[in-house]
Amino acid sequence: MSAADQARGSSDEEAIGRVLDGDTEAFSILVRRHGARVTRLGMSFFRDEEEAADFTQDVFVKAYTALASFKGRSLFSTWLLRIAYNTAINTKKRKREQYSLDPEIEIVGEPGTDEAHLREETARAVRGAMAELPPRQALCIELYFYYDLKYSEISEITGYPVNTIKSHVFRAKRILRERLGSIGEDRNEA
Amino acid sequence: MRHEAALRYLDELDARQGYGLALRLHLARCPSCAASARRVEAALVAFREDTRRADIRGAEAILADSRVEERVMAAVRLMPPPRQDFALRDWLFPAAVIALSMFFLPLFGQDIGFLEALFGSGYALSLSLVLGVGFTAYSALFVATHLLEVRSYLEKRGLMPR
Ligand SMILES: [Zn+2]
């Protein structure tokens, strides 16, 4: 069976089990499956492709070293994102850079349609809510709206209490609901 | 359920969490809340699909251009295989044995008197000292092999040196 076949067939747990049993090559399954998420987080932090690539490599090498400590209590992707988050924060600290999130969430898709309008409003609301927060807390909103992660998972990754995350997300959704609400009313009047 | 409560419930909803019964009953009878729920839901789905499609495409291009997978695999091939962790209790048991022997062995310590007869007392070290060194070495080994756990423990308590 080729590595590509195995990548399709096996679960994260199976791949991890094989790596721990000495089959180092099985680790490439995990890199291929979760690489894009890690790189994407790297882009939010560094906004530089080369840095995001180095960051991704760094995160996976760390994950490999620590793989035996993954006990399956959370999803592998959550566990990996926690390593990625800590690596990004520490890299920023080391470089003494202020961490700021991407202010422009790119909007693609057909402009002028209802769908595009919804997307734009959502991106604007998410962006607005993120802009009001210190960058590390703003990431909680991104993890909820973009990565579709649960409060408990975000808390595990960032170390913020669930209630803090919940209240930030609540505010962002309120803003979104109000904006979308007024669109609906406009349309009803028209 | 009132409108205000229904909207609050919607805004507090966790990711991938279904509507509760009370909310579903309200939405079934209240067109305005139902429309609001639908709009926000649709907006979030569209936003997620859209940004994700653009970002993942971008991320995958970065991964391919920089040959990240090859670099990771080249690096990990040179590394020792990840250590199969002993469970914490496997560590605690020998630690307890060593600690307890520090207390109890001196009580039964007469058996090693023959060593003293053989070599003289010039070589004698306090048994507690030997066991103490053993315990310290064991603790150091534990910390060294659990750096990540120790680190997160210290960070959680704000004890991590800067
Ligand atoms: Zn209502």
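What follows is a short exchange about labels and the values behind them.

Modeller: Keep in mind that this is a predicted model.

Biologist: Why is the pair B:Asp11 and A:Arg177 called a salt bridge?

Modeller: Their side chains meet at 2.9 Å, N to O. The cut-off is 4 Å between a side-chain nitrogen of Lys or Arg and a carboxyl oxygen of Asp or Glu, so the pair qualifies. Across the interface of chain A and chain B, the rule finds eight salt bridges.

Biologist: What makes A:Arg40 a charge over a ring?

Modeller: Its charged end lies 3.6 Å from the centre of the A:Tyr146 ring. The limit is 6 Å, so the distance passes. The charged end also sits over the ring, as the label says.

Biologist: How do you know that chain A and chain B touch, and what area do they bury?

Modeller: 58 residues of chain A are in contact with 51 of chain B. Contact here means heavy atoms within 4.5 Å. The two chains bury about 5000 Å² between them, with 60% on carbon and sulfur atoms. In chain A, the residues that lose the most area to chain B are A:Tyr64, A:Tyr146 and A:Arg177, together 15% of what that side buries.

Biologist: What makes A:Phe45, A:Phe46, A:Phe55 and A:Tyr85 a cluster?

Modeller: Ring pairs link them. Rings pair if their centres lie within 6.5 Å. Over all chains, the count is eleven aromatic pairs.

Biologist: Which elements does chain B have?

Modeller: Eight helices and zero strands. Buried residues make up 26% of its 162 residues; buried means under 20% relative accessible area.

Note on methods: Residues numbered from 1 in each chain as written. Chains lettered and ligands numbered in written order. Predicted model: local features only at pLDDT ≥ 70, side-chain atom pairs only at ≥ 80, totals over all residues. Heavy atoms only, no water. Helix = DSSP H or I, 4+ residues; strand = E, 2+ residues; numbered from the N terminus. Buried < 20%, exposed > 50% of the residue type's maximum accessible area, 1.4 Å probe, protein only. Phe/Tyr/Trp six-rings, centres within 6.5 Å; stacked < 30°, edge-to-face > 60°. Lys NZ or Arg CZ within 6 Å of the ring centre and 35° of its normal. Buried area = accessible area lost by both parts, 1.4 Å probe.
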